[in-house]
Amino acid sequence: MAMTPGPGILAAFEAAKGFMPVDEGLALYAAAAEAGRLGLPLLEIGSYCGRSTILLADAARAAGVTALTVDHHRGSEEQQPGWEYHDPETVDPELGLMDTLPTFRRTLHRAGLEDHVVALVGRSPRIAALWASPLALVFIDGGHTDEHATADYEGWAPHVTEGGLLVIHDVFPDPVDEFTGQAPYRVHLRALASGAFTEVSATGSLRVLRRTGTGV
Ligand SMILES: C[S@@+](CC[C@H](N)C(=O)[O-])C[C@H]1O[C@@H](n2cnc3c(N)ncnc32)[C@H](O)[C@@H]1O
């Protein structure tokens, strides 16, 4: 299986709203393509407008598995009005609240990947509490507070199957690099300290870990 996205997919990724740079996207794709060989779903926490989802969905399509996405689509703290990462186009004019779901759906439709994605809309810990199936890959890119990043790790990392991958975004070991805190970095350290995960690669702020042990 190709470790690079199919034709037009990278262009769709670059055209989509979002924050992930291309080098991290390609590393995410390679992880998803590899994990897809396990024949289990790939799950992302934090989909926003579907930029990273395009890559997971294309890898899922190639592997014949499903990409699952978890997001309440109301935006993270730093994406709210008045904050640096706010995009006024993501606000529902009727409710005056962020709603990234319509853009997310348009992104996947335009990329021709809708059929390979199941979107779970809600708060990550609530969905995780209902989850009981193994996953080939868990990609953590949700809320960046300690509360949210820790809940994402505790709720979803246990479901990564043996040999499966845990991918964490926005890992900034150096506080100078951070824009929304170092919670993902602390989760990364915790995953390594658990003995359940071994680091496979680091690209920018993206870390790929493989489950090589039990527990979390
Ligand atoms: C940094 S953005 C994700 C970016 C996306 N992965 C990309 O590459 O374009 C974080 C997303 O996490 C979602 N989020 C934050 N906390 C959440 C929570 N507790 N449950 C579900 N979604 C959450 C926000 O709504 C937001 O869309």
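How much space lies in the second largest pocket? About 280 Å³. This is a predicted model; local features need pLDDT of at least 70, side-chain atom pairs count only at pLDDT 80 or more, and totals for chains, interfaces and linings use all residues. Residues are numbered from 1 along each chain as its sequence is written, and side-chain values use heavy atoms, with hydrogens and water left out.

**Second largest pocket**
- A pocket is an open set of points on a 1 Å grid over the protein atoms alone, with protein on both sides within 12 Å along at least five of seven lines; lining residues have an atom within 4 Å of a point.
- The second largest pocket has 16 lining residues, and Lys17, Thr103, Arg106, Thr107 and Arg110 are the closest to its centre.
- Helix 4 gives the most to this lining, with 5 residues.
- The lining has 7 nonpolar, 3 polar and 6 charged residues. Here Asp, Glu, Lys and Arg count as charged; Ala, Val, Leu, Ile, Met, Phe, Trp, Tyr, Cys and Pro as nonpolar; the others, Gly among them, as polar.

**Largest pocket**
- About 700 Å³ of space lies in the largest pocket. Of its 42 lining residues, Gly46, Ser76, Asp141, Gly142 and Gly143 are the closest to the centre.
- Helix 3 (51-63), strand 2 (67-71), helix 5 (124-128) and helix 6 (146-156) each supply at least two lining residues. Helix 6 gives the most, with 4 residues. Helices (H or I, at least four residues) and strands (E, at least two) are DSSP runs, numbered from the N terminus.
- The lining divides into 11 nonpolar, 19 polar and 12 charged residues.

**Ligand**
- The ligand takes up the space of the largest pocket (more than half of its atoms lie within 2 Å of the pocket's grid points).
- Around the ligand are 21 residues, and Gly46, Ser52, Asp71, Ser124 and Asp141 come nearest (near means a heavy atom within 4 Å).
- For serine 52, a side-chain N or O atom is 2.8 Å from a ligand nitrogen atom.
- The protein covers 98% of the 610 Å² of accessible area that the ligand has on its own (Shrake-Rupley method, 1.4 Å probe).
- The shell around the ligand has 2 nonpolar, 14 polar and 5 charged residues.

**Cavity**
- The count comes to 1 cavity of 30 Å³ or more (a set of points where a 1.4 Å probe fits but cannot get out).
- The largest cavity has a volume of about 50 Å³, and its lining residues include Asp141, His144 and His169.

Methods
Grid points are joined across faces, edges and corners, and a volume is the space filled by probe spheres set on the points. A polar contact is a pair of N or O atoms within 3.5 Å; within protein, one must be able to donate a hydrogen and the other to accept it, and residues adjacent in sequence count only if both atoms are side-chain atoms.
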